[in-house]
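Biologist: I would like to learn how to read a protein model, one feature at a time. Could you walk me through it?

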Amino acid sequence: MTTASPRRAAILGGNRIPFARQFGPYAKASNQDMFTAALEGLVARYGLAGERLGEVVGGAVIKHSRDFNLTREAVLGSSLAPETTAFDVQQACGTGLENAILVSNKIKLGQIESGIAGGVDTASDAPIMVTEKLRQKLLKINRAKSTVDMAKVALEIRPGDFGVETPANTEPRTGLSMGEHMAITAKKWGITREAQDELAALSHQNLAAAYDRGFFDDLMTSYLGLAKDQNLRPDSTVEKLAKLKPVFGKGEGATMTAGNSTPLTDGASAVLLGSEEWAAAHNIPVQAYFVDGEVAAVDYVHGDEGLLMAPAYAVPRLLARQGLSLQDFDYYEIHEAFASTVLSTMKAWEDEEFCTQRLGLEKPLGSIDRSKLNVNGSSLAAGHPFAATGGRIVASLAKMLHEKGPGSRGLISICAAGGQGVVAILEGA
Amino acid sequence: MAFNYGQFVSGGVGKQLATTLGLPRPTKLRRHKLGASLVPGEVLVAGHGDAPVAERVRHLLSEAGVKVATSPSTSVAGVVLDLTAIETPADLETLRGVVGPALKTLAPTGRVIVIGRPPESATSVAQAAARRAVEGIVRSIGKEMRGGGTANTVLVAEGADAGVDATVRFLLSGRSAYVSAQVFHVAKPVADIAAPADWDLPLAGKVAVVTGAVRGIGAAIADTLARDGATIIAVDVPQAGGPLAEVANRLGGTALQLDVTAEDAGAKIVEHAKARHGGFDIVVHNAGITRDKLLANTEADRWDSVLQVNLLSILRMNEALIPAINDGGHIVNVSSIAGIAGNRGQTNYAASKAGVIGMTQSLAADKTVVKKGITVNAVAPGFIETEMTAKVPFATREVGRLMNSLSQGGQPVDVAETIGFFAWDANRGVTGNVVRVCGQMLMGA
């Protein structure tokens, strides 16, 4: 059997709405509203009104049960042809990038000619759940065959059954919040407060500079009166960040503050991908190619690996498959879930013991040139609406690589809840 | 909702009151509808002497399926009078004899179009006087007309008669609903006149760039050009990206977010148009802002920002756009009545909008522009019903609305229709023109 080398999947452009802080301007916007807005901006930028695309893949981490067909509903509310198929994916913060892998794979295999990969999340318009006890009793009432039976079950409901729950940023198997998990990892890798604050300040400064030079003019459409990421503080400095009190971790060694951790955010993003033929037929220039993606998971429950360390494992596997070294890139996009996530990951790649014993490599992957890291800001400044982050990064990196020129390379690394990590390589066109 | 005199007097107590007191009651204007006939009724065509243009008009009307009336006694929907052959003011008697009686029976939303020659090219003093008199008569007729009627002058240069068709069509049609008392100058065409295959789609196959496409008049321009067959590149500032996407998607065009004052704005438009649409044929410089203050209180930044957005940006963008626009293309600038008449508290705005007129006239005569067969024209809107004018204080707003021969404000689409007319390939004899879309506003006539 011969295997033909698959064709390339091109990244043609992207769009996102500015990210808003929880309970900010998008407080009343639903996931469907926001994702539709992101799609509409993309459709307008590339003149796709009425066009049938091969697929739209979206998703959200925090979802209402009514949003069982979130992406399809957003497509139907958009200007795309209603014949465009759609489905949802849910892989925590890896959702957006995973969707780009899915769409690019389908394009490479010739199953589709074009597609949109994206994601959305709201930390404001969250679903509200009743307590588990009450839920079980209500379901029982629903099953009851007679009014008398219903009344009997209704009488079983106790005052203590009442109460509401919202989705929590907590790992179900450990009961620890993501920040608490990260604090353990940060301590283990000896990540200092100063290093974290430096990274955070730089993220804000880089993002502000990107806005100033109009970098986002063709990557973003305003929404509900917001034209820039609400979390951005252009005047952020290490000195200002140093004044904040730690919020994760305990006592003396606590280093993680609200300033060097991403806030809860609302937002949506979408990336247009296509075959080179489709792009040419639609007069859309290719910005970059989606070369390859890899996903890894770690045992953070019983093992002693950190919850957000999976990308450290995914990247070397991807590099090996592509025959590249960690230093073969023009840009690195390491999602800033927390400043310490980025710093721990980079430190791990430089660490001999970690690289030989945990990754099974002969020598450390080495360090990366920090001047190539998150050069237009990342999640600490922009915010991080979970499933929307992948699309934000893919679209921005594709544009950066296009500006850099053909053959330039970029690496994306995104950590996700559940001890998973999604990584990818893009190449400039 | 803000009080609107026109709506108040259109029915009920308001109507009774207005009738009793003899107050003006605006007529609902006849606006262009897809598939509607050019003009709803017969058109009287007459002329002085051998009237060479009248013959063209008769032919045009029969092609458009409009019946030509020959007697002033018939009730008609329009009158076209060819005065190109007049020699002395005595010859103006022809106009009195034809148009006078016709006005008595002219149907509502009627049209009076008088075609003459430019006084500047007259061969005698008497002829120049007669030719110049036409404009005065027509402006007066505009003020005498009732029922939403309009009167306009068309001055055709010697040897440029073929170019008159587009203007006559426009003026008879509902597209010119709010255009009255204007003088259209038709010169030798800068490129071959090309009538469209379908007069309902005069811009079919064309690509049009519209700046400031999100709000009011800009959105109407985009809508109207798209309705007439053009593919729209909708341009507005990144801060308006969401609503801009709505405009682009509604029209099946593309959205381009940029600040027109940016150094590379023109280059970015060219790049987008070439990459995505293979080039562009029409540019409408509509983006504009106001920063009103009395001159005595106007700070440098208020002065500068208005001039930057409304005038300097166009000059800068044109440096990139003119070499790139397809040959035979059309540039349309949006001026303002304030640029003609001036306006209290708007020195900066008036400067920019009067500057637009100077720029339009100079550019139309520019060698490169003429060689490429590009027309350059401007519209000067009067009181147009937009979000912007809705914010004007009540009394000022009502004065603005009523101080014109049609006793009402215009709609954004009225401005857009005139812009569309400037963009026709059938209209290549009209360049360097500034047409007011103001219902013959009393200001600055």
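**Reading the model together**

Modeller: Let us start with chain A, where 47 Å separate the centres of domain 1 and domain 2, taken over C-alpha atoms. Keep in mind that this is a predicted model.

Biologist: Which residues belong to domain 1 and domain 2 of chain A?

Modeller: The domain assignment of chain A gives 129-165 for domain 1, and 178-214 + 291-428 for domain 2. A separate record, an unreviewed UniProt entry, lists residues 304-427 of chain A as "domain: Thiolase C-terminal". That span is 42% helix and 16% strand, and its end C-alpha atoms lie 35 Å apart.

Biologist: Which residues does UniProt list for "active site"?

Modeller: The unreviewed entry names C93(A), H384(A) and C415(A). They are spread over 323 residues of sequence, yet they cluster in space, with a largest C-alpha distance of 11.9 Å.

Biologist: Where is H384(A) found, in terms of helices and loops?

Modeller: Look in the loop between α13 (379-382) and α14 (389-404) of chain A. To judge burial, we count other C-beta atoms within 10 Å, and a residue with 20 or more is buried. H384(A) has 27 such neighbours, so it counts as buried. Leaving aside neighbours within four places in sequence, H384(A) touches T262(A), T265(A), A337(A), S379(A) and T389(A).

Biologist: And is C415(A) buried or exposed?

Modeller: C415(A) is buried, because 32 other C-beta atoms lie within 10 Å. This residue sits in strand β13 (residues 409-416) of chain A. Beyond four places in sequence, its contacts include C93(A), H335(A) and A337(A). Notice that C93(A) is itself on the UniProt "active site" list.

Biologist: Let us turn to chain B. How many helices and strands does it have?

Modeller: Chain B has 16 helices and 13 strands.

Biologist: What share of the contacts in chain B with a separation of 6 or more comes from residues 24 or more positions apart?

Modeller: Such pairs account for 76% of those contacts.

Biologist: How many residues of α7(B) are buried?

Modeller: Nine of the 12 are buried, so the helix is largely enclosed by the rest of the structure. Among them are I217(B), I221(B) and L225(B). The buried residues of α7(B) pack against several elements of chain B, including β7 (207-211), β8 (231-236) and α16 (412-422).

Biologist: What should I know about phi angles?

Modeller: Most residues other than glycine have a negative phi. Just after α7(B), G229(B) takes a positive phi of about 110 degrees. A51(B) is not a glycine, yet its phi is positive at about 40 degrees. You will find A51(B) in the loop between β1 (43-47) and α3 (52-63) of chain B, and it is buried, with 21 other C-beta atoms within 10 Å. Q440(B), also not a glycine, has a positive phi near 55 degrees. Q440(B) lies in the segment after β13 (434-437) of chain B, and with 23 C-beta neighbours inside 10 Å it counts as buried.

Biologist: How many residues does each chain give to the contact between them?

Modeller: Chain B gives 17 residues and chain A gives 20. On the chain B side, α8(B) gives the most, with six residues. By class, that side has eight nonpolar, eight polar and one charged residues.

Conventions. Residues are numbered from 1 along each chain as its sequence is written. Chains are lettered from A and ligands numbered from 1 in the order in which they are written. This is a predicted model: local features need pLDDT of at least 70, side-chain atom pairs count only at pLDDT 80 or more; totals for chains, interfaces and linings use all residues. Two residues are in contact if their C-beta atoms, placed from the backbone, lie within 7 Å. Helices (H or I, at least four residues) and strands (E, at least two) are DSSP runs, numbered from the N terminus. Ala, Val, Leu, Ile, Met, Phe, Trp, Tyr, Cys and Pro count as nonpolar, Asp, Glu, Lys and Arg as charged, and the others, Gly among them, as polar. UniProt positions are given in the numbering used here, feature names are shortened, and annotations may be inferred rather than shown by experiment. Domain bounds come from an automatic or database domain assignment.
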